[in-house]
Amino acid sequence: MIVDDNHHMRSILKELLRAAGIYEVKEASDAVEAFEFMRSVPVDLLLVDLAMPMVDGVEFSKMIRTNHDSPNPYLPIIMITGHSERSRVNAARDAGVNEFLVKPVTAKSLMDRLSLIVNRPRGFIKSKSYFGPDRRRKNDTTYGGSDRRTSNGQKDKT
């Protein structure tokens with residue numbers, strides 16, 4: 001499903017997905033419309049714009065991840081935006097977005113993000129202040145702190 005208030009951008013993304021062999025693509029012009037649709041029809045992937053009126057992409061991602069009535073808190077989410085400032089990327093990451101894609105979107109950049117979601121999915125983390133895909137992309141074996149991960153994903157007790 002593509003959620004973007006810009007019809008032209010939705011059309012571009014839809015064509016890029018079709019070129020990749022993905023033909024069943026639903027569209028919504030805002031987060032409220034998308035959330036309602038997702039309550040009745042299962043969605044496999046969400047491409048969502050960051051800057052939208054009423055509910056922006058970050059808040060929408062938080063709704064998907066944490067609302068008690070969310071249709072699928074584990075739904076893969078790719079945030080698409082023309083705003084690539086670190087603060088916005090961090091806000092999207094902290095909202096539980098799986099991948100971040102900066103406009104202008106190319107077929108390659110979109111396929112790269114889809115490939116990461118399919119071929120290298122990250123496990124989900126639940127804490128007091130976060131629910132979503134593990135924000136750490138690699139296992140840093142040089143980190144020696146008390147929260148160091150082990151190869152099996154469990155916390156190292158040393």
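Author: P104 lies in the loop between β5 (99-102) and α5 (107-119). Helices (H or I, at least four residues) and strands (E, at least two) are DSSP runs, numbered from the N terminus. This is a predicted model: local features need pLDDT of at least 70, side-chain atom pairs count only at pLDDT 80 or more, and totals for chains, interfaces and linings use all residues. Residues are numbered from 1 along each chain as its sequence is written, and side-chain values use heavy atoms, with hydrogens and water left out.

Reader: Is the peptide bond from K103 to P104 cis or trans?

Author: Start with the general rule. Most residues other than glycine have a negative phi, and most peptide bonds are trans. Here, the bond from K103 to P104 is cis, and its omega is near 0°.

Reader: What is phi of M54, and where does M54 lie?

Author: Phi of M54 is near 65°, a positive value in a residue that is not glycine. M54 sits in the loop between β3 (46-49) and α3.

Reader: Is M54 buried or exposed?

Author: Learn the scale once. Buried means under 20% relative accessible area, exposed means over 50%, and partly exposed is in between (1.4 Å probe, protein chains only). M54 has 69% relative accessibility, so M54 counts as exposed.

Reader: Next, salt bridges. How many does the structure hold?

Author: Side chains of opposite charge can pair when their charged atoms come close. The cut-off is a side-chain nitrogen of Lys or Arg within 4 Å of a carboxyl oxygen of Asp or Glu. The structure holds 12 salt bridges.

Reader: Which residue does R10 pair with?

Author: R10 pairs with E27, and their closest N and O atoms are 3.0 Å apart. R10 lies in helix α1 (residues 7-19) and E27 in strand β2 (residues 27-28), so this pair ties together parts 17 residues apart in sequence. R10 is buried, at 10% relative accessible area. E27 is partly exposed, at 28%.

Reader: What about R18?

Author: R18 forms a salt bridge with E15, with the closest N and O atoms 3.2 Å apart. Both lie in α1, three residues apart, about one turn of the helix. R18 is partly exposed at 32%. E15 is partly exposed at 46%.

Reader: And which residue pairs with R88?

Author: E85, with the closest N and O atoms 3.1 Å apart. R88 counts as partly exposed at 33%, and E85 as partly exposed at 41%. Elsewhere, salt bridges that share partners join D4, D49 and K103 into one network.

Reader: Last, helix packing. At what angle do α2 and α3 pack?

Author: Two packed helices are described by the angle between their axes and the distance between the axes. Axes are lines fitted to C-alpha atoms, for helices over the stretch in contact, and angles run from 0 to 180 degrees between N-to-C directions. α2 (residues 31-40) and α3 (residues 57-66) pack at about 20°, with axes 10 Å apart.

Reader: Are α2 and α3 roughly parallel or roughly antiparallel?

Author: Angles under 35 degrees count as roughly parallel, over 145 as roughly antiparallel, 65 to 115 as roughly perpendicular and the rest as oblique. α2 and α3 are therefore roughly parallel.

Reader: Which residues of α2 and α3 meet?

Author: A31, A34, F35 and M38 in α2 meet F60, M63 and I64 in α3. These divide into seven nonpolar, no polar and no charged residues. Ala, Val, Leu, Ile, Met, Phe, Trp, Tyr, Cys and Pro count as nonpolar, Asp, Glu, Lys and Arg as charged, and the others, Gly among them, as polar.

Key. Contact = heavy atoms within 4.5 Å.
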